[in-house]
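Thanks for coming, everyone. Please take a look at the structure on the screen, and then I will walk you through it.

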Amino acid sequence: MSWKPTPASADRLRAKLDDEFETVAKPEGLRRSSDARREREAAASSVEPDSWQRSSEQRGNARGGSRMGSASGRASGRASGRAADRASGSASGAEDEAAAPEGGKPARKGPSLKMRAVGFLSRREHAREELARKLAAYAEDADEIEGVLDALEKEGWLSTERFAQSLVHRRASRQGAARIVQELRQHGVDDTQVAELREQLRATEYDRALEVWKKRFDAKPEDRAIYAKQARFLASRGFAHDVIRRILGEGEDD
(Lines give C-alpha, C1' and ligand atoms only; values in the text may rest on other atoms or scores of the structure.)
Protein backbone atom coordinates (compact mmCIF):
# COMPACT_ATOMS: atom_id res chain seq x y z
CA MET A 1 0.00 0.00 0.00
CA SER A 2 1.56 3.29 -1.05
CA TRP A 3 1.40 6.64 0.95
CA LYS A 4 -0.11 9.64 -0.71
CA PRO A 5 0.19 13.04 0.89
CA THR A 6 -3.01 14.82 1.69
CA PRO A 7 -3.47 18.49 1.03
CA ALA A 8 -3.02 19.35 4.71
CA SER A 9 0.19 17.45 5.03
CA ALA A 10 1.50 19.04 1.84
CA ASP A 11 0.96 22.52 3.30
CA ARG A 12 2.80 21.59 6.48
CA LEU A 13 5.69 20.28 4.45
CA ARG A 14 6.02 23.44 2.43
CA ALA A 15 5.92 25.61 5.55
CA LYS A 16 8.69 23.52 7.12
CA LEU A 17 10.82 23.82 4.03
CA ASP A 18 10.30 27.60 3.96
CA ASP A 19 11.42 27.91 7.59
CA GLU A 20 14.55 25.94 6.89
CA PHE A 21 15.34 28.10 3.86
CA GLU A 22 14.91 31.37 5.83
CA THR A 23 17.15 30.04 8.57
CA VAL A 24 19.87 29.32 6.08
CA ALA A 25 19.40 32.51 3.96
CA LYS A 26 19.12 35.08 6.77
CA PRO A 27 22.80 35.08 7.88
CA GLU A 28 23.85 35.52 4.29
CA GLY A 29 21.57 38.52 3.90
CA LEU A 30 22.79 39.98 7.16
CA ARG A 31 26.38 39.52 6.09
CA ARG A 32 25.70 41.19 2.79
CA SER A 33 23.92 44.15 4.41
CA SER A 34 26.70 44.50 7.02
CA ASP A 35 29.33 44.53 4.32
CA ALA A 36 27.38 47.15 2.40
CA ARG A 37 27.19 49.37 5.49
CA ARG A 38 30.93 49.11 6.11
CA GLU A 39 31.63 50.03 2.50
CA ARG A 40 29.36 53.06 2.74
CA GLU A 41 31.00 54.18 6.01
CA ALA A 42 34.46 53.80 4.50
CA ALA A 43 33.44 55.82 1.49
CA ALA A 44 31.94 58.50 3.72
CA SER A 45 35.07 58.66 5.92
CA SER A 46 37.25 59.08 2.85
CA VAL A 47 35.13 61.93 1.52
CA GLU A 48 34.33 63.72 4.82
CA PRO A 49 37.78 65.28 5.52
CA ASP A 50 37.84 66.89 2.10
CA SER A 51 34.35 68.26 2.43
CA TRP A 52 35.05 69.36 6.02
CA GLN A 53 38.19 71.15 4.85
CA ARG A 54 36.28 72.85 2.07
CA SER A 55 33.58 73.86 4.54
CA SER A 56 36.22 75.25 6.91
CA GLU A 57 37.82 77.19 4.11
CA GLN A 58 34.46 78.54 3.06
CA ARG A 59 33.71 79.62 6.64
CA GLY A 60 37.13 81.26 6.91
CA ASN A 61 36.63 83.06 3.63
CA ALA A 62 33.21 84.16 4.79
CA ARG A 63 34.64 85.53 8.09
CA GLY A 64 37.49 87.24 6.24
CA GLY A 65 35.05 88.75 3.81
CA SER A 66 32.90 89.92 6.71
CA ARG A 67 35.91 91.53 8.44
CA MET A 68 36.98 93.15 5.20
CA GLY A 69 33.44 94.35 4.67
CA SER A 70 33.31 95.80 8.21
CA ALA A 71 36.69 97.53 7.79
CA SER A 72 35.61 98.81 4.41
CA GLY A 73 32.34 100.04 5.92
CA ARG A 74 34.16 101.84 8.74
CA ALA A 75 36.60 103.43 6.33
CA SER A 76 33.73 104.44 4.11
CA GLY A 77 31.89 105.89 7.12
CA ARG A 78 34.92 107.93 8.17
CA ALA A 79 35.41 109.18 4.64
CA SER A 80 31.74 110.10 4.45
CA GLY A 81 31.98 111.93 7.81
CA ARG A 82 35.01 113.92 6.66
CA ALA A 83 33.28 114.77 3.42
CA ALA A 84 30.19 115.89 5.36
CA ASP A 85 32.34 118.07 7.66
CA ARG A 86 34.02 119.67 4.67
CA ALA A 87 30.67 120.28 3.05
CA SER A 88 29.29 121.75 6.28
CA GLY A 89 32.33 124.02 6.65
CA SER A 90 31.98 125.17 3.09
CA ALA A 91 28.30 125.88 3.64
CA SER A 92 29.02 127.81 6.84
CA GLY A 93 31.69 129.83 5.10
CA ALA A 94 29.29 130.59 2.28
CA GLU A 95 26.64 131.70 4.76
CA ASP A 96 29.16 133.95 6.55
CA GLU A 97 30.22 135.47 3.25
CA ALA A 98 26.60 135.99 2.29
CA ALA A 99 25.85 137.63 5.65
CA ALA A 100 28.80 140.04 5.39
CA PRO A 101 28.30 143.23 3.40
CA GLU A 102 30.42 144.15 0.41
CA GLY A 103 32.75 146.32 2.49
CA GLY A 104 34.02 143.27 4.37
CA LYS A 105 32.66 144.37 7.77
CA PRO A 106 30.24 142.04 9.59
CA ALA A 107 26.62 143.11 9.69
CA ARG A 108 25.78 145.08 12.84
CA LYS A 109 23.61 143.17 15.27
CA GLY A 110 21.54 144.30 18.24
CA PRO A 111 19.57 147.51 18.82
CA SER A 112 19.70 150.30 16.30
CA LEU A 113 21.81 153.38 16.94
CA LYS A 114 18.74 155.42 17.81
CA MET A 115 17.47 152.80 20.25
CA ARG A 116 20.84 152.78 22.01
CA ALA A 117 20.70 156.56 22.30
CA VAL A 118 17.19 156.46 23.74
CA GLY A 119 18.40 153.86 26.25
CA PHE A 120 21.14 156.22 27.46
CA LEU A 121 18.73 159.14 27.68
CA SER A 122 16.14 157.13 29.59
CA ARG A 123 18.61 156.67 32.46
CA ARG A 124 19.64 160.33 32.73
CA GLU A 125 20.03 163.51 30.71
CA HIS A 126 22.99 163.73 28.33
CA ALA A 127 24.69 166.56 26.53
CA ARG A 128 24.93 166.26 22.76
CA GLU A 129 28.72 165.81 22.71
CA GLU A 130 28.62 163.29 25.57
CA LEU A 131 26.00 161.17 23.81
CA ALA A 132 27.93 161.34 20.55
CA ARG A 133 31.03 159.94 22.28
CA LYS A 134 29.03 157.02 23.67
CA LEU A 135 27.46 156.20 20.30
CA ALA A 136 30.77 156.31 18.43
CA ALA A 137 31.48 152.68 19.39
CA TYR A 138 28.31 151.51 17.59
CA ALA A 139 28.28 153.73 14.50
CA GLU A 140 30.00 153.31 11.16
CA ASP A 141 30.60 157.01 10.53
CA ALA A 142 30.10 160.41 12.15
CA ASP A 143 27.33 161.42 9.75
CA GLU A 144 25.14 158.61 11.04
CA ILE A 145 25.60 159.84 14.62
CA GLU A 146 24.79 163.42 13.69
CA GLY A 147 21.61 162.32 11.95
CA VAL A 148 20.45 160.40 15.01
CA LEU A 149 21.25 163.30 17.35
CA ASP A 150 19.38 165.78 15.16
CA ALA A 151 16.33 163.50 15.17
CA LEU A 152 16.48 163.10 18.95
CA GLU A 153 16.70 166.85 19.51
CA LYS A 154 13.77 167.43 17.17
CA GLU A 155 11.68 164.83 19.01
CA GLY A 156 12.59 166.25 22.43
CA TRP A 157 14.60 163.31 23.66
CA LEU A 158 17.91 165.19 23.66
CA SER A 159 18.47 168.65 25.18
CA THR A 160 21.87 169.97 26.21
CA GLU A 161 20.19 172.81 28.11
CA ARG A 162 18.15 170.33 30.10
CA PHE A 163 21.29 168.30 30.75
CA ALA A 164 23.09 171.37 32.13
CA GLN A 165 20.24 172.18 34.51
CA SER A 166 20.15 168.58 35.68
CA LEU A 167 23.90 168.49 36.30
CA VAL A 168 23.79 171.72 38.34
CA HIS A 169 20.92 170.33 40.41
CA ARG A 170 22.85 167.13 41.16
CA ARG A 171 26.17 168.82 41.98
CA ALA A 172 25.18 172.06 43.72
CA SER A 173 24.74 170.58 47.19
CA ARG A 174 28.28 169.13 47.25
CA GLN A 175 30.42 171.26 44.88
CA GLY A 176 31.29 174.89 44.24
CA ALA A 177 30.68 176.92 41.10
CA ALA A 178 34.21 176.44 39.73
CA ARG A 179 33.99 172.63 39.82
CA ILE A 180 30.53 172.55 38.26
CA VAL A 181 31.43 175.02 35.50
CA GLN A 182 34.47 172.92 34.58
CA GLU A 183 32.31 169.81 34.19
CA LEU A 184 29.75 171.69 32.07
CA ARG A 185 32.44 172.78 29.67
CA GLN A 186 33.84 169.24 29.41
CA HIS A 187 30.42 168.07 28.20
CA GLY A 188 30.26 170.73 25.50
CA VAL A 189 27.64 173.00 27.04
CA ASP A 190 27.40 176.36 25.27
CA ASP A 191 29.48 179.18 26.82
CA THR A 192 26.47 181.45 27.07
CA GLN A 193 24.55 178.90 29.10
CA VAL A 194 27.64 178.17 31.23
CA ALA A 195 27.94 181.86 32.10
CA GLU A 196 24.29 182.05 33.16
CA LEU A 197 24.59 178.98 35.36
CA ARG A 198 27.81 180.25 36.95
CA GLU A 199 26.05 183.45 38.04
CA GLN A 200 23.26 181.41 39.60
CA LEU A 201 25.76 179.26 41.46
CA ARG A 202 27.77 182.22 42.67
CA ALA A 203 24.62 183.71 44.20
CA THR A 204 24.26 180.68 46.49
CA GLU A 205 27.95 179.80 46.88
CA TYR A 206 28.36 180.84 50.52
CA ASP A 207 25.30 179.00 51.82
CA ARG A 208 26.23 175.84 49.97
CA ALA A 209 29.85 175.94 51.09
CA LEU A 210 28.81 176.47 54.71
CA GLU A 211 26.60 173.38 54.64
CA VAL A 212 29.40 171.29 53.19
CA TRP A 213 31.86 172.56 55.84
CA LYS A 214 29.43 171.82 58.73
CA LYS A 215 28.95 168.23 57.56
CA ARG A 216 32.73 167.65 57.63
CA PHE A 217 34.06 169.75 60.54
CA ASP A 218 32.77 170.48 64.02
CA ALA A 219 34.47 173.84 64.69
CA LYS A 220 36.52 176.55 63.06
CA PRO A 221 40.29 176.03 62.92
CA GLU A 222 42.35 176.90 66.01
CA ASP A 223 45.75 177.02 64.29
CA ARG A 224 47.25 177.39 60.85
CA ALA A 225 47.57 173.64 60.23
CA ILE A 226 43.87 173.01 60.85
CA TYR A 227 43.01 176.13 58.87
CA ALA A 228 45.02 174.92 55.88
CA LYS A 229 43.40 171.47 56.07
CA GLN A 230 39.85 172.86 56.06
CA ALA A 231 40.66 175.40 53.35
CA ARG A 232 42.12 172.70 51.07
CA PHE A 233 39.01 170.59 51.55
CA LEU A 234 36.62 173.38 50.51
CA ALA A 235 38.85 174.39 47.60
CA SER A 236 38.94 170.80 46.32
CA ARG A 237 35.16 170.92 46.17
CA GLY A 238 35.34 173.96 43.88
CA PHE A 239 34.30 176.74 46.27
CA ALA A 240 35.74 180.21 45.73
CA HIS A 241 38.56 181.53 47.97
CA ASP A 242 36.59 184.53 49.14
CA VAL A 243 33.80 182.21 50.33
CA ILE A 244 36.32 179.99 52.13
CA ARG A 245 37.77 183.01 53.97
CA ARG A 246 34.31 184.08 55.08
CA ILE A 247 33.62 180.65 56.52
CA LEU A 248 37.00 180.02 58.18
CA GLY A 249 37.72 183.57 59.28
CA GLU A 250 39.54 186.59 57.92
CA GLY A 251 43.32 186.77 58.10
CA GLU A 252 43.82 183.03 58.69
CA ASP A 253 44.17 182.02 55.02
CA ASP A 254 47.39 180.17 54.33
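First, a word on terms: helices (H or I, at least four residues) and strands (E, at least two) are DSSP runs, numbered from the N terminus.

Now the ground rules. This is a predicted model, where local features need pLDDT of at least 70, side-chain atom pairs count only at pLDDT 80 or more, and totals for chains, interfaces and linings use all residues. Residues are numbered from 1 along each chain as its sequence is written, and side-chain values use heavy atoms, with hydrogens and water left out.

Back to Thr 204. Thr 204 and Ala 172 are 32 residues apart along the chain, and their C-alpha atoms are separated by 9.1 Å.

Next, the whole chain. How many helices and strands does the protein chain have? There are 10 helices and zero strands. The pattern along the sequence reads α-α-α-α-α-α-α-α-α-α. The protein chain has 254 residues, and buried ones make up 25% of them. Contact means heavy atoms within 4.5 Å. Among contacts with a separation of 6 or more, 58% come from residues 24 or more positions apart.

On to helix packing. Axes are lines fitted to C-alpha atoms, for helices over the stretch in contact, and angles run from 0 to 180 degrees between N-to-C directions. Under 35 degrees counts as roughly parallel, over 145 as roughly antiparallel, 65 to 115 as roughly perpendicular, and the rest as oblique.

Take helix α2 (residues 113-123) and α3. They pack at an angle of about 130°, and their axes are 10 Å apart. That makes α2 oblique to α3. From α2, the contact uses Leu 113, Arg 116, Ala 117, Phe 120 and Leu 121; from α3, it uses Leu 131, Lys 134 and Leu 135.

Arg 116, in helix α2, has 23% relative accessibility, so Arg 116 counts as partly exposed. Its C-alpha atom is separated by 9.4 Å from that of Lys 134, 18 residues apart along the chain. The charged end of Lys 134 sits over the ring of Phe 120, 5.2 Å from its centre. The rule: NZ of Lys or CZ of Arg is within 6 Å of the ring centre and within 35 degrees of the ring normal. Arg 246 does this too: its charged end sits over the ring of Tyr 206, 4.0 Å from the centre.

Now helix α3 (residues 128-135) and helix α4 (residues 142-155). The angle is about 135°, with the axes 10 Å apart. They are therefore oblique to each other. Arg 128, Leu 131, Ala 132 and Leu 135 in α3 meet residues of α4 including Ile 145, Leu 149 and Leu 152.

Last, aromatic rings. Rings of Phe, Tyr and Trp (its six-membered ring) pair if their centres lie within 6.5 Å; planes under 30 degrees apart count as stacked, over 60 as edge-to-face and the rest as tilted. The count comes to one aromatic pair. The rings of Phe 217 and Phe 233 have centres 5.6 Å apart and planes at 85°, so the pair is edge-to-face. Phe 217 lies in the loop between α8 (205-216) and α9 (224-236), and Phe 233 in helix α9, so the pair ties together parts 16 residues apart in sequence. Both Phe 217 and Phe 233 are buried.

Technical notes. Buried < 20%, exposed > 50% of the residue type's maximum accessible area, 1.4 Å probe, protein only.
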